[in-house]
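I opened this entry to look up the ligand site first.

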Amino acid sequence: MYLPDFEYYAPATVNEACELLAKLGPGAKVLAGGTDILSKMKQDQLSLDAVVSIKNFNQLTEIVENDKGDVIIGARVTHNSLIDSPVLQKKYPSICHTAHQMANNQVRNTGTIGGNIVNAVPSADLPPILIALGAQVKLVGTGGERILPLEDFFTGPNESVIKQDEILTEFIIEKQSLTGSNYLKFALRRSGALAVAGVAVAVAMDGNTCTKARIVMGAVAPTPARAKGAEQFLAGKEVTDELLEEVGNRAAAESKPISDIRGSAEYRRDLVGVLTRRALKKAISEGHV
Amino acid sequence: MQMTAEQSGTKYHLVTITVNGDPYTRAVKANTLLVNLLRDDLDLTGTKKGCELGDCGSCTVHLDGKPVNSCLVLALEADGREITTIEGVSQGSELDTIQKSFLENTAVQCGYCTPGMIMSAKALLERNPNPTELEVREAIAGNLCRCTGYVNIVKAILAAAEKQNKEQ
Ligand SMILES: Cc1cc2nc3c(=O)[nH]c(=O)nc-3n(C[C@H](O)[C@H](O)[C@H](O)COP(=O)(O)OP(=O)(O)OC[C@H]3O[C@@H](n4cnc5c(N)ncnc54)[C@H](O)[C@@H]3O)c2cc1C
Ligand code: FES
Ligand code: FES
């Protein structure tokens, strides 16, 4: 399997890259880890005139906690670097555990968090947990930069608000009152398989009362989707097993899955209920796991 | 990376990589994959190609010490970096502990997956000299073997870990 011909650019700065992308137009795309873009080009699912490599932007491979307690994750951080990050292991191990459930070791060494997001595949694993934690994305383009909630980034399967000349540079997770988070994925194999359904949750607990909840479902709608009805139903209530069962049922009812080779719509909806209940239990009793 | 000549409309770029300790500079097209640079230009055919889509791991090499699928890395992305292939694992004609262990434990049948398996196993033992069976299975989850059923491969890697720890 050979790749078709294309031009290759590896600019030195983000600004140069944005200008190149603007000049080259829609036939040019960013190349990060390449695990998705090169597979697609090999299979004739994508045809490009040029790729703009971001390999020289070493500042985008860092994960830091600033003095306000916000966590900043560079877009070029690989899945295995998410797993190994001392900052994430301390603050949000749920992100490490999510990355650990992805792909296989080799792909985790090249695939990046930025690529996982910009791809905008409905079954991608990182969007649900990042949305549950309220992550924001920074997009840099020829006209300057903008920061928006990741929740508002996706517009449909393989579609997002990112513009031709924009580069996703970092994720910002502001310091917050959440006490726990968790992502559970169901796939047909334990490794190298996309999610049939995935659910991420984040909660703030006060004693046994859930004061705030976010529930984000993956692979069961055109974009990662919050189960807002289920969230509202849970917020402010004393947590019991029966309550969590009901929250799961409500989330399942809010999902809009399709049937495909990996599972039927009915099966997916059922999975959402089970995964929501289990993920909530873990986040409530064990914290950010 | 520098641009070199345009030959009959095709652009070539210079790429310099270190493979198994030896530096190489080659002129490649933008669409040259690392696996093809290794196999076709450098004649290092120990690295195999199977699925060519990141699923099977037969093309596994170490890029700056980490196992990656060389079928999903452009040669130009490896510019300036260090690569270890299966040819770089033995010390001359003396096989590495992991290679010996694969032979001793009958972890090789047709042998097609073996170079990739050994690169994944080697990376695991460099990071984690005392892996559990689960950790071994996880480390080779991206390496498919159509012959062995994996049992002897897992055994071989665990035995290699034990041997390395005794030697130290
Ligand atoms: C064998 C295999 C298994 C996989 N398993 C999983 C899995 O379990 N879960 C999962 O979620 N995914 C999985 N994937 C998909 C893929 O590996 C991930 O989505 C990965 O994170 C993509 O990142 P990348 O850096 O390789 O992206 P690339 O292929 O380099 O880029 C992907 C897209 O994003 C754009 N892009 C990348 N970075 C930026 C940026 N910073 N700014 C603007 N645009 C950008 C590119 O232009 C391209 O359109 C798997 C892939 C393979 C090959
Ligand atoms: S040939 Fe590279 S992963 Fe299969
Ligand atoms: S020994 Fe034949 S594929 Fe593994």
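I count a polar contact as a pair of N or O atoms within 3.5 Å. The model is predicted, so I keep that cut-off in view for every pair below.

**Ligand 1, polar contacts.** I started with Ile37(A). One of its backbone N or O atoms lies 2.8 Å from an oxygen atom of ligand 1. Next I checked Ala103(A), where a polar backbone atom is 2.9 Å from a ligand oxygen. Asn116(A) uses its side chain instead: a polar atom there lies 2.9 Å from an oxygen of ligand 1. I then looked up the cover. On its own the ligand has 970 Å² of accessible area, and the protein covers 93% of that.

Where does ligand 1 lie? I find it between chains A and B. There are 33 residues around it, and Val30(A), Gly33(A), Thr35(A), Thr112(A) and Asp125(A) come nearest. I sorted the shell by type: 17 nonpolar, 11 polar and five charged. Strand S2 (28-31), helix H7 (113-118) and strand S10 (167-173) of chain A each give at least two shell residues. H7(A) supplies the largest share, four residues.

**The sheet.** I traced five strands of chain A in an open antiparallel sheet, ordered S4-S5-S10-S6-S7. S4 (63-65) and S7 (144-149) of chain A are the edges; each has a single partner, so one side of each lacks a neighbour in the sheet. From one strand to the next, the twist averages 20°. I followed S6(A), residues 136-141, and found six antiparallel bridges to S7(A). Val137(A) stands opposite Leu148(A) of S7(A).

**Across the sheet.** Last, I checked helix H1(A), residues 14-24. This helix lies across S6 and S10 of chain A, at about 130° to S10(A).

Notes: Residues are numbered from 1 along each chain as its sequence is written. Chains are lettered from A and ligands numbered from 1 in the order in which they are written. This is a predicted model: local features need pLDDT of at least 70, side-chain atom pairs count only at pLDDT 80 or more; totals for chains, interfaces and linings use all residues. Side-chain values use heavy atoms; hydrogens and water are left out. A residue is near a molecule or strand if one of its heavy atoms lies within 4 Å of it. A polar contact is a pair of N or O atoms within 3.5 Å; within protein, one must be able to donate a hydrogen and the other to accept it, and residues adjacent in sequence count only if both atoms are side-chain atoms. Accessible areas come from the Shrake-Rupley method with a 1.4 Å probe; for residues, only the protein chains shown count as cover. Ala, Val, Leu, Ile, Met, Phe, Trp, Tyr, Cys and Pro count as nonpolar, Asp, Glu, Lys and Arg as charged, and the others, Gly among them, as polar. Two strands pair if DSSP finds at least two bridges between them. Axes are lines fitted to C-alpha atoms, for helices over the stretch in contact, and angles run from 0 to 180 degrees between N-to-C directions. Contact means heavy atoms within 4.5 Å.
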